[in-house]
Amino acid sequence: DAETARCLALQDAPFDAYVTMDADGQHSVADLAPLVFAITSGADVALGDRFAGGSRIPRVRAAVLYAARLFESLLIGRPLGDAHNGLRAFSHRAIASLKIRQARMAHATEIVLAVCRSGHRVVEVPVTVHYTPESRRRGQSSLGALAIVADLLRRYLFGAQFVESDWRLF
């Protein structure tokens with residue numbers, strides 16, 4: 001899970017940047033350098049933005065992501081160009097300050113919420129997301145957005161922490 005990976009990364013000597021990438025095959029290694037450059041240039045967090053890059057986003061996915069961007073903007077109090085982009089980079093200070101409690105894909109919103117509220121310098125970097133039949137099968141479905149909202153509401157409205165096995169609707 002994301003919290004275990006974060007803790008393992010911090011066990012080694014400090015690095016200039018810590019990069020996270022979803023395992024759905026949608027991201028390109030070529031996009032790592034600009035994210036790392038943003039961190040080594042002074043940002044604490046660099047978030048990938050598929051809408052600013054060369055992504056060809058399917059219409060339904062673009063509509064769901066637009067709604068997710070509005071939802072996240074309300075939660076964090078600031079507009080961001082992309083919601084749930086799985087390519088991010090962190091400074092040592094930023095990654096050390098995170099505590100990830102959300103299971104499943106809701107952790108992506110939790111990370112953005114935490115870093116934006118923490119006072120860390122957050123920037124967005126254009127990236128290209130590649131939607132192939134394989135990456136679409138492995139990635140999050142558009143209906144998965146409903147499970148994310150449910151997870152977030154349960155966590156932030158009711159203080160409940162749930163694991164993936166608690167929600168098997170999507």
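Author: Let us begin with burial: a residue is buried under 20% relative accessible area, exposed over 50%, and partly exposed in between, using a 1.4 Å probe and protein chains only. Here D82 counts as buried because its relative accessibility is 6%. Of the 170 residues of the protein chain, 42% count as buried. The model is a predicted one, in which local features need pLDDT of at least 70 and side-chain atom pairs count only at pLDDT 80 or more, while totals for chains, interfaces and linings use all residues. Residues are numbered from 1 along each chain as its sequence is written, and side-chain values use heavy atoms, leaving out hydrogens and water.

Reader: What does the secondary structure of the protein chain come to?

Author: Helices (H or I, at least four residues) and strands (E, at least two) are DSSP runs, numbered from the N terminus. The protein chain has seven helices and four strands, and along the sequence they follow the pattern α-β-α-β-α-β-α-α-β-α-α.

Reader: How many salt bridges does a search of the whole structure find?

Author: A salt bridge is a side-chain nitrogen of Lys or Arg within 4 Å of a carboxyl oxygen of Asp or Glu. The search finds two. In one of them, D82 pairs with R50, and the closest N and O atoms are 2.9 Å apart. D82 lies in the loop between α3 and β3 (87-90) and R50 in the loop between β2 and α3, so the pair ties together parts that are 32 residues apart in sequence. R50 counts as buried because its relative accessibility is 4%.

Reader: Which residue forms a salt bridge with D44?

Author: The partner is R93, with 2.7 Å between the closest N and O atoms. This pair links distant parts of the chain, 49 residues apart: R93 is in helix α4 (residues 92-97) and D44 in the loop between α2 and β2 (45-49). With a relative accessible area of 10%, D44 is buried.

Reader: Where is E72 placed, and how far away is the nearest side chain of opposite charge?

Author: For charge, Lys and Arg count as positive and Asp and Glu as negative, whereas His and the chain ends are not counted. E72 belongs to helix α3 (residues 59-76). E72 is buried yet has no salt bridge, and the nearest side chain of opposite charge, R88, is 7.6 Å away. Contact means heavy atoms within 4.5 Å. Leaving aside neighbours within four places in sequence, the contacts of E72 include D82, H84 and T109.

Reader: How many aromatic pairs does the structure hold?

Author: Rings of Phe, Tyr and Trp (its six-membered ring) pair if their centres lie within 6.5 Å; planes under 30 degrees apart count as stacked, over 60 as edge-to-face and the rest as tilted. The structure holds one such pair. F15 and Y18 are edge-to-face, at 5.7 Å centre to centre and 85° between the planes. F15 is partly exposed at 43% relative accessibility, whereas Y18 is buried at 6%.

Reader: To what number does the count of disulfides come?

Author: A disulfide is a covalent bond between the sulfur atoms of two cysteines. The criterion is a pair of cysteine sulfur atoms within 2.5 Å, and by this rule the count is zero. As for individual cysteines, C7 is partly exposed at 35% relative accessibility, and C116 is buried, with a relative accessible area of 18%.
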